[in-house]
Amino acid sequence: MAPADRAPIVLSRVTAASQLGIVIGPAISAVLQEVFGMLGVATRHQVPAVFASFGILSLAILLWTMFVGRSATQRASMEASDGEEPIKQDKDEQPRRLLSSSAVTQLALRIISGTVSWALVLSVSTYAMFTSNLTSYTQRQLSLTLSFGAAMSLITQMFIFPRTVKRLGPHSCCGLGLLGVGFGLGGFASCRMQPMHAALYALNRIGAGMADTSTATLVSLTSASAELRGRNLAFLQSSRAFTRLFTPMLGGYLLQISLRNAVVPGALPYLTAGTLSLMLIPVPFVLRARSESAKELSTRKE
């Protein structure tokens, strides 16, 4: 629905909105339960009523998007694009589709997205098992760390990424994000002392927010048409979902077999995912170099 040159801004806002829902969703659910209780709804029916409320809201948003919001969103995007500075895809160039929508390019971006998704799994569900082996880590500290990490991801996607992508472009943002994920994962798994542990955990969540959004942006920019863009973004979401199906089991297995390590017990899944993230850093820059070569070749032919 959004024009290609506004993809970084739009995708960062959409991702930030989903993160915001994760942060404030439980609080809203608790408030709704209290409201239903005040309205006389029986206790056993309060939780189903909350689910029904969110279901009705989701259906209303879907219908609005299908029949009302599409044209309004397109008009708003056109008006906003007239008043905002276009996003730079490279340091000195205006927005353009930087890559071809080849299978190799899309596969590379899906691998990056899957790696970032694994990092997020390790940072949330597996992290709870990881900290249970730290005798000095309380449940309150775990909750605060998870909330802090979610807040850092939200801030990154709402404020840091839109400004950074204008200056550096999505390729550099993707590389920086992978760098943060790699050092953050390996760092907080190896360093158990506070506040360094929390700082490295935050670095990982900031990097994940940067890499995840920039990857979706690159998928959008490398698609030659709106139809291909929708299809490629759908495949990207599917790759993320597929990664979240098996990585909790993989992370738990690696965690279990590495707990016997006397130096850094339980760090194996984080060091593995962190190393993979660091190994993928050259990929977005190779893709950018390929696109520049293709553009130069096209210019010479003309």
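In which hand do helices α3 and α7 cross? The crossing of α3 and α7 is right-handed, a term used when the near helix is turned clockwise from the far one by less than a right angle, with left-handed used when the turn is anticlockwise. The structure is a predicted model, in which local features need pLDDT of at least 70 and side-chain atom pairs count only at pLDDT 80 or more, while totals for chains, interfaces and linings use all residues. Residues are numbered from 1 along each chain as its sequence is written, and side-chain values use heavy atoms, with hydrogens and water left out.

The chain contains 9 helices and 0 strands. Helices (H or I, at least four residues) and strands (E, at least two) are DSSP runs, numbered from the N terminus. The order along the sequence is α-α-α-α-α-α-α-α-α. Of the 302 residues in the chain, 41% are buried, where buried means under 20% relative accessible area, exposed means over 50%, and partly exposed lies in between (1.4 Å probe, protein chains only). Contact means heavy atoms within 4.5 Å. Among contacts between residues at least 6 apart in sequence, 76% join residues at least 24 apart.

The axes of α3 and helix α7 (residues 226–258) come within 7 Å and cross at roughly 40 degrees. Axes are lines fitted to C-alpha atoms, for helices over the stretch in contact, and angles run from 0 to 180 degrees between N-to-C directions. Angles under 35 degrees count as roughly parallel, over 145 as roughly antiparallel, 65 to 115 as roughly perpendicular, and the rest as oblique. The helices α3 and α7 are therefore oblique to each other. Their contact has 13 nonpolar, 11 polar and 3 charged residues; Ala, Val, Leu, Ile, Met, Phe, Trp, Tyr, Cys and Pro count as nonpolar, Asp, Glu, Lys and Arg as charged, and the others, Gly among them, as polar. Arg240 is placed in α7 and is buried, with a relative accessible area of 8%. Not counting residues up to four places away in sequence, Arg240 touches Ser113, Ser117, Asp212 and Ala216.

Helix α6 (residues 196–221) also meets α3 (residues 103–132), and the two axes come within 10 Å and cross at roughly 150 degrees. That angle makes α3 roughly antiparallel to α6. The crossing of α3 and α6 is left-handed. Residues in this contact include Ser113, Val116 and Leu120 of α3 and Ala208, Asp212 and Thr215 of α6. By class, the contact of α3 with α6 has 13 nonpolar, 6 polar and 2 charged residues.

Helix α4 (residues 139–168) approaches α6 as well, the axes coming within 8 Å and crossing at roughly 45 degrees. The pair α4 and α6 is therefore oblique, and the crossing is right-handed. Among the residues that meet are Phe148, Met152 and Ile160 in α4 and Ala202, Ile206 and Met210 in α6. The contact of α4 with α6 has 11 nonpolar, 10 polar and 1 charged residues.

Ala199 lies in α6 and is partly exposed, with a relative accessible area of 43%. The C-alpha atoms of Ala199 and Gly187, 12 residues apart along the chain, are separated by 9.3 Å. Helix α5 (residues 170–190) has 21 residues and reaches 30 Å from its first C-alpha to its last, close to the 30 Å expected at 1.5 Å a residue; the expected span is 1.5 Å times one less than the number of residues. In α5, 17 of the 21 residues are buried, so α5 is largely enclosed by the rest of the structure.
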